[in-house]
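Colleague: I would like to learn how to read the strands, the core and the cross-link of a model. Could we take them one feature at a time?

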Amino acid sequence: QVHPVESGGGLVQPGGSRRLSCAASGSSFSINGMGWYRQAPGKQRELVAYITSGGSTNYVDSVKGRFTISGDNAKSTVYLQMDSLKPEDTAVYFCKADASVGSRRYIYWGQGTQVTVSS
């Protein structure tokens with residue numbers, strides 16, 4: 001089992017910044033990639049940003065130029081730096097870990113952390 005745990009959510013004013021962290025813990029696993037998804041009330045969960053173990057990244061168009069994803073392979077940790085936040089960024093942000101345990105590949109989700117952008 002791999003357990004991603006998010007932190008860093010909270011209330012932030014429009015135009016402000018916030019940094020989310022997600023650390024994956026467990027035993028005998030390797031990370032293939034990690035990503036951030038978000039779900040706003042009444043909406044489907046959507047990909048925000050993803051990073052592979054090799055460092056390749058991709059972003060949803062709505063956050064390009066404002067959010068930056070980075071990772072620390074040694075710590076099995078991924079970060080999401082969010083700048084120029086907008087009210088429409090308000091959502092629960094979930095961390096996803098794509099991990100290999102032995103020869104098998106699994107997807108693990110964190111519990112989510114709330115980000116609220118409001119004045």
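This is a predicted model: local features need pLDDT of at least 70, side-chain atom pairs count only at pLDDT 80 or more; totals for chains, interfaces and linings use all residues.

Colleague: In what order do the four strands of the open sheet lie?

Modeller: Strands of a sheet pair through backbone hydrogen bonds, either parallel or antiparallel. Strands here are DSSP runs (E, at least two residues), numbered from the N terminus, and two of them pair if DSSP finds at least two bridges between them. In this model the order is β1-β3-β8-β7, with antiparallel pairing. β1 (2-7) and β7 stand at the edges with a single partner strand each, so one side of each has no neighbour in the sheet. From one strand to the next the twist averages 15°, an angle between N-to-C directions on a scale from 0 to 180 degrees, with axes as lines fitted to C-alpha atoms.

Colleague: How many bridges join β7 to β8?

Modeller: Six, and the two strands run antiparallel. Phe67 stands opposite Met82 of β8, and Ser70 is opposite Tyr79. The two strands form a hairpin with four residues between them, where Ser76 has a positive phi near 50°.

Colleague: Is β4 largely enclosed or left open by the rest of the structure?

Modeller: Burial is judged by relative accessible area: buried is under 20%, exposed is over 50%, and partly exposed lies in between (1.4 Å probe, protein chains only). Eight of the 10 residues of β4 are buried, so the strand is largely enclosed by the rest of the structure.

Colleague: Which strands does β4 pair with?

Modeller: Nine bridges join β4 to β9, in the antiparallel sense. β4 also pairs with β5, again antiparallel, over six bridges. Trp36 can be followed in both directions: Cys95 stands opposite it in β9, and its bridge partner in β5 is Ala49. Tyr37 is opposite Leu47 of β5. The hairpin of β4 and β5 has six residues between the strands, and Gly42 in its turn shows a positive phi of about 80°.

Colleague: What does β5 do on the way to β6?

Modeller: β5 is joined to β6 (residues 57-59) by three bridges, and the two run antiparallel. Tyr50 stands opposite Asn58. Four residues separate the strands of this hairpin, among them Gly55, with a positive phi near 100°.

Colleague: How many disulfides does the structure hold?

Modeller: A disulfide is a covalent bond between the sulfur atoms of two cysteines. The criterion applied here is a pair of cysteine sulfur atoms within 2.5 Å. The structure holds one, formed by Cys22 and Cys95 with their sulfur atoms 2.1 Å apart. The link is left-handed, with -80° about the S-S bond. Cys22 belongs to β3 and Cys95 to β9, so the pair ties together parts that are 73 residues apart in sequence. Cys22 and Cys95 are both buried.

Colleague: Which residues touch the most other members of the largest nonpolar core?

Modeller: In soluble globular proteins, nonpolar side chains tend to be buried together. A nonpolar core is a set of buried Ala, Val, Leu, Ile, Met, Phe, Trp, Tyr and Cys residues joined through side-chain atoms within 4.5 Å. The largest one here has 28 residues, and Trp36, Leu80 and Tyr93 touch the most other members. Strands that each supply at least two residues include β3 (18-26), β4 (30-39) and β9 (91-101). The largest share, five residues, comes from β9.

Colleague: Which side chain makes a polar contact with that of Asn32?

Modeller: A polar contact is a pair of N or O atoms within 3.5 Å; within protein, one must be able to donate a hydrogen and the other to accept it, and residues adjacent in sequence count only if both atoms are side-chain atoms. The partner is Ser100, at 3.0 Å. Asn32 lies in β4, and Ser100 is found in β9. Ser100 is buried, with a relative accessible area of 16%. Contact means heavy atoms within 4.5 Å. Not counting residues up to four places away in sequence, Asn32 touches residues including Thr52, Asp98 and Arg105. With neighbours within four places in sequence left aside, the contacts of Ser100 include Ser28, Phe29 and Arg105.

Conventions
Residues are numbered from 1 along each chain as its sequence is written. Side-chain values use heavy atoms; hydrogens and water are left out.
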